[in-house]
Amino acid sequence: MKKNLFATLRTVGLSSLTAMALLPHSVAQAQASNYPNKPITIVAPFAAGTLTDILTRTVANKLAIALGQPVIAENKTGADGNIGAAFVASAPPDGYTLLVGATSIGSINVLLHKNIKYDPQRDFVGITNLISVPNVLVVGSHVPAKNLKELLALQKQKSFNYGSSGAGGSMHLSGEIYKKMAGVEMVHIPYKGTTPVINDIIGGRVEMMFCNLPVCLSLIQSGKLTALGVTSATRSPLLPDVPTIAEAGLPGFDVSGWFGLFAPKGTPPDIVAKLNAETVKILNDPQFKQEFLNRGAITIGGSSEAFTKYAADERVRWAKIIEEAKITLE
């Protein structure tokens, strides 16, 4: 193909040097117009059964129908998602290897982890923001607080323990922001996963956590956990009677996790545009919206440019939070 294109350029009077300069762009255009012509892989950097995994597989199945090629969801887990992210960052920028990345991968990990093998702003282009998921402040039944003001009053008297699924994640950082804004002492206890910390809260060994809403929703509805506030700026439709933390007593509190679709930097703009258009159609489908609303998530969408800027802005915001709270990973 390259030889034929080069010959064509020469026949219209272009010099060899000019033809060679135009060649990479022309090849990229040809690749984009023929995209996709083979299976696509979307990497989920967290374990099977997680929200990231479910989201990746749902988007992959629907993109396969829209694009007319198999779209394979593949789990590459470990190191807080950094293994899967690094794999995609080093993949050819041809639109055939994509990533569903969360807030941690798109903005936070690079601020906390040493010797990380990718930089989200240097190595990725955002295709679109997929969903937003708030955390919810929950306490166990052994904590005699039915609202945030009662909890704050108790915390003025003694230090509480709060658990998270691991240091550096949104559960941990939500707690650090809360501690700073509320002016209370809390001890962070990082666990290896969400289930152990939930079990310890229900069992009375830890007082509280900032749980991903989809994870704790059924436990809140069954009364095993008490929800005192959601971390987003607006109430969740799934918990309409639970106030935001901002309206319950800490004005300005606003923390939500997000999940977006990324491609390696250098992916041809026409391919990014095609993936964006088809993915946004999926996000706007009422059935998709309802499916993820039932999981506690709000679908977002939007342009590639808007999402790429959003992830960069989030990095700046979290850098300030991490610096002010003096958060480090051992």
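**Notebook: disulfide, pocket, helices**

I started with the sulfurs: Cys 211 and Cys 216 are joined by a disulfide, S to S 2.0 Å (a disulfide here is a pair of cysteine sulfur atoms within 2.5 Å). I searched the whole structure and got 1 disulfide. This is a predicted model, where local features need pLDDT of at least 70, side-chain atom pairs count only at pLDDT 80 or more, and totals for chains, interfaces and linings use all residues. Numbering runs from 1 along each chain as its sequence is written, and side-chain values use heavy atoms, with hydrogens and water left out.

I checked the torsion about the S-S bond of Cys 211 and Cys 216: it is about 90°, so the disulfide is right-handed. Cys 211 is buried at 0% relative accessible area. Cys 216 is buried too, at 0%. Buried means under 20% relative accessible area, exposed over 50%, partly exposed in between (1.4 Å probe, protein chains only).

Next, the largest pocket. I noted a volume of about 1,100 Å³. Among its 42 lining residues, Phe 46, Ser 165, Met 171, Thr 194 and Asn 212 are the closest to the centre. A pocket is an open set of points on a 1 Å grid over the protein atoms alone, where a 1.4 Å probe fits, with protein on both sides within 12 Å along at least five of seven lines; lining residues have an atom within 4 Å of a point. The volume is the space filled by probe spheres set on the points, which are joined across faces, edges and corners. Elements that supply at least two lining residues each include H5, helix H10 (213-221) and strand S9 (256-264). Helices (H or I, at least four residues) and strands (E, at least two) are DSSP runs, numbered from the N terminus.

I then looked at H5, residues 103-112. Thr 103 sits in this helix and is buried at 6%. Its contacts (heavy atoms within 4.5 Å) include Ser 256, Gly 257 and Trp 258. Leu 112, also in H5, is buried at 10%. I found Leu 112 touching Gly 168, Ile 322, Ile 327 and Leu 329, residues up to four places away in sequence not counted.

Last, H7 (residues 148-155). I found Leu 148, Leu 151, Leu 152 and Gln 155 buried. They lie on the same side of H7, because they cover an arc of only 100° around the axis (taken from the directions from the helix axis to the C-beta atoms).
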